[in-house]
Amino acid sequence: HKHVQMLALLDALAAAAATLASKALAFGMGSSADLHVRSVHVPYVAFILVSVPTWLALLATSRCYDAGPFGTGNGEARRVVSAGAHFVAVMAVAYYLLHIQNLGRAFLAAIVPFAIGFTLLGRLLARYQLRLQRARGHATRRAIVMGLPRNTGLLLEHLAAHPYDGIAPVLVAVPGGEDELPATSRPAGVPVTDALDDVQAVLRALTTTGADLLIV
């Protein structure tokens, strides 16, 4: 949940930065250009009040906050680009419905690429922060690993070599118990039990160990 909250905060900053960067690119850094909407003069900087919530809503509808069970966010870049395409469509509709033809086209052309680029950069920063948290033992899922000795051993070796996956074994269940599991695959301090002789005990261990993941 904290990871997703960080993503939303970074995305809001990305939309604000994209608005300011587009304004600077289209009108110059020190320019005080205004948007003329009928008889109203609106500073381009005020466009942040529209761009930020719109961008967050489009990211949400494109499932950019669906981090999955492990925070990996598969297809994250594709979803952000998809939200950018929807952003173009929203601006095109607003361009005619709200009669804001005076809105600078250079400003419009730049804001979407900036928003996509800054958002993807923020996602990289968030992913790096998640890796740091997992290196300290946080933001992980406690797992019971259950299966045949050879396959289970290979999986345990993979998890030991990739701590950033965010899966921490708390119980291993294999037929024959600890004697059947290769010594090189046994995680230190993690109990090994017989999966076939005591399946009910394995299932009860989901509660007693505090595990929230069962890998078969």
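Arg-63 is partly exposed, at a relative accessible area of 46%; here buried means under 20% relative accessible area, exposed over 50%, and partly exposed in between, with a 1.4 Å probe and protein chains only. Arg-63 sits in the loop between H2 and H3. Its phi is near 60 degrees, a positive value in a residue other than glycine. Ala-139 is likewise not a glycine and has a positive phi of about 55 degrees. Ala-139 belongs to the loop between H4 and strand S3 (141–146), and with 43% relative accessibility it counts as partly exposed.

The model is predicted, so that local features need pLDDT of at least 70 and side-chain atom pairs count only at pLDDT 80 or more, while totals for chains, interfaces and linings use all residues. Residues are numbered from 1 along each chain as its sequence is written, and side-chain values use heavy atoms, with hydrogens and water left out.

The chain has six helices and six strands. Helices (H or I, at least four residues) and strands (E, at least two) are DSSP runs, numbered from the N terminus. In sequence order the pattern is α-β-β-α-α-α-β-α-β-β-α-β. The chain has 216 residues, of which 38% count as buried. Among contacts (heavy atoms within 4.5 Å) with a separation of 6 or more, 69% join residues 24 or more positions apart.

The helix pairs come next. Helix H3 (residues 76–97) packs on helix H4 (residues 105–135) at an angle of about 155 degrees, and their axes are 10 Å apart. H3 is therefore roughly antiparallel to H4. Axes are lines fitted to C-alpha atoms, for helices over the stretch in contact, and angles run from 0 to 180 degrees between N-to-C directions. Angles under 35 degrees count as roughly parallel, over 145 as roughly antiparallel, 65 to 115 as roughly perpendicular and the rest as oblique. The crossing of H3 and H4 is right-handed; a crossing is right-handed if the near helix is turned clockwise from the far one by less than a right angle, and left-handed if anticlockwise. On the H3 side the contact includes Val-80, Gly-84, Phe-87, Val-88, Met-91 and Tyr-95, and on the H4 side it includes Leu-108, Ile-111, Val-112, Ile-116 and Arg-123. By class, the contact of H3 with H4 holds 12 nonpolar, two polar and four charged residues. In this classification Ala, Val, Leu, Ile, Met, Phe, Trp, Tyr, Cys and Pro are nonpolar, Asp, Glu, Lys and Arg are charged, and the others, Gly among them, are polar.

H2 also packs on H3: their axes come within 9 Å and cross at roughly 130 degrees. H2 and H3 are therefore oblique to each other, and their crossing is right-handed. Ser-51, Thr-54, Trp-55, Leu-58 and Leu-59 of H2 make this contact with Val-80, Ala-83, Gly-84, His-86, Phe-87 and Val-90 of H3. The residues of the contact of H2 with H3 are seven nonpolar, four polar and no charged.

For H2 and H4, the axes come within 12 Å and cross at roughly 65 degrees, again in a right-handed crossing. Here Ser-51, Trp-55 and Leu-59 in H2 meet Ile-111, Ala-115, Ile-116, Thr-119 and Arg-123 in H4. That contact of H2 with H4 divides into five nonpolar, two polar and one charged.

In soluble globular proteins, nonpolar side chains tend to be buried together. A nonpolar core is a set of buried Ala, Val, Leu, Ile, Met, Phe, Trp, Tyr and Cys residues joined through side-chain atoms within 4.5 Å. The largest such core has 24 residues, and Trp-55, Leu-59, Val-80, Phe-87, Met-91, Ile-111 and Val-112 touch the most other members. Helix H1 (2–27), helix H2 (48–61), H3 and H4 each give two or more residues to this core. H4 supplies the largest share, seven residues. Val-112 touches Gly-84, Phe-87, Val-88 and Met-91, not counting residues up to four places away in sequence. A second, separate core of nine residues includes Ile-144, Met-146, Leu-171 and Ala-173.

Leu-108, in helix H4, is buried at a relative accessible area of 17%. Leu-159 lies in helix H5 (residues 149–161) and is buried at 7% relative accessibility. Leaving aside neighbours within four places in sequence, Leu-159 is in contact with Ile-167 and Pro-169.
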